[in-house]
Amino acid sequence: MHDLTAFQRDCLYVIAGLDKPHGLALKDELEAYYEKEIHHGRLYPNLDALVEKGLVEKGEINQRTNFYALTRRGQREIDARREWEAKYLEEDVIPTD
């Protein structure tokens with residue numbers, strides 16, 4: 001996951017949190033998070049990159065709509081990232097003053 005952009009990582013997390021979302025559902029979620037419009041020219045090339053890296057699979061709902069789902073490798077990458085983050089973000093490590 002270290003070679004992903006932050007936007008690609010966010011796409012991966014949103015895909016993980018939804019049940020086989022289509023592109024517009026991902027776009028809506030990301031726009032809500034970023035609080036700005038996400039253009040198709042940004043979204044779909046990044047989704048394709050995740051597919052090419054083997055982290056996400058792309059399937060067809062109908063001739064106009066695709067869905068995206070995590071692969072096992074994608075889930076392993078998220079799990080590894082969470083473990084790495086937990087080493088640095090544990091509650092007793094962060095000062096509460």
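## Burial and overall make-up

A residue is called buried when its relative accessible area is under 20%, exposed when it is over 50%, and partly exposed in between. By that rule, both K27 and E31 are buried. The model described here is predicted. Of the 97 residues in the protein, 33% are buried.

The secondary structure consists of four helices and two strands, and the order from the N terminus is α-α-α-β-β-α. Along the principal axes, the C-alpha atoms occupy a box of roughly 55 × 30 × 25 Å. The protein exposes about 6,900 Å², and carbon and sulfur atoms supply 47% of that area. Among contacts with a separation of 6 or more, 45% are between residues 24 or more positions apart.

## The strand pair

Strand β1 covers residues 56-62 and strand β2 covers residues 65-70; the two pair in the antiparallel sense over six bridges. One of the bridges links N62 to T65, its partner in β2.

## Salt bridges

Side chains of opposite charge can pair when their charged atoms come close. Four salt bridges are found in the whole structure, and three of them are described here, beginning with the pair D3 and K53. The side chains of D3 and K53 meet with an N to O distance of 3.0 Å.

In the salt bridge of K27 with E31, the closest N and O atoms are 2.7 Å apart. K27 and E31 both sit in helix α2 (residues 23-34), at a spacing of four residues, or about one turn of the helix. In the salt bridge of R81 with E85, the closest N and O atoms are 3.0 Å apart. R81 and E85 are four residues apart in helix α4, so about one helical turn separates them. While K27 and E31 are both buried, E85 is partly exposed at 25% relative accessibility.

## N46 in helix α3

N46 is located in helix α3, which spans residues 40-52. The relative accessible area of N46 is 16%, so the residue is buried. Its side chain makes a polar contact of 3.1 Å with the side chain of Q8. Apart from neighbours within four places in sequence, N46 is in contact with T5, F7 and Q8.

## L89 and the nonpolar patch

L89 lies in helix α4, which comprises residues 72-89. L89 counts as exposed because its relative accessibility is 53%. Together with W84 and Y88, L89 makes a nonpolar surface patch of about 360 Å².

L89 and A16 are 73 residues apart along the chain, and their C-alpha atoms are separated by 21 Å.

Definitions and conventions:
Residues numbered from 1 in each chain as written. Predicted model: local features only at pLDDT ≥ 70, side-chain atom pairs only at ≥ 80, totals over all residues. Heavy atoms only, no water. Buried < 20%, exposed > 50% of the residue type's maximum accessible area, 1.4 Å probe, protein only. Polar contact = N/O pair within 3.5 Å; in protein donor to acceptor, adjacent residues only side chain to side chain. Contact = heavy atoms within 4.5 Å. Patch = residues over 30% accessible without salt bridge, like charges linked within 9 Å, V, L, I, M, F, W, Y side chains within 5 Å. Areas by Shrake-Rupley, 256 points an atom, 1.4 Å probe, with all protein chains shown as cover. Pairing = 2+ DSSP bridges.
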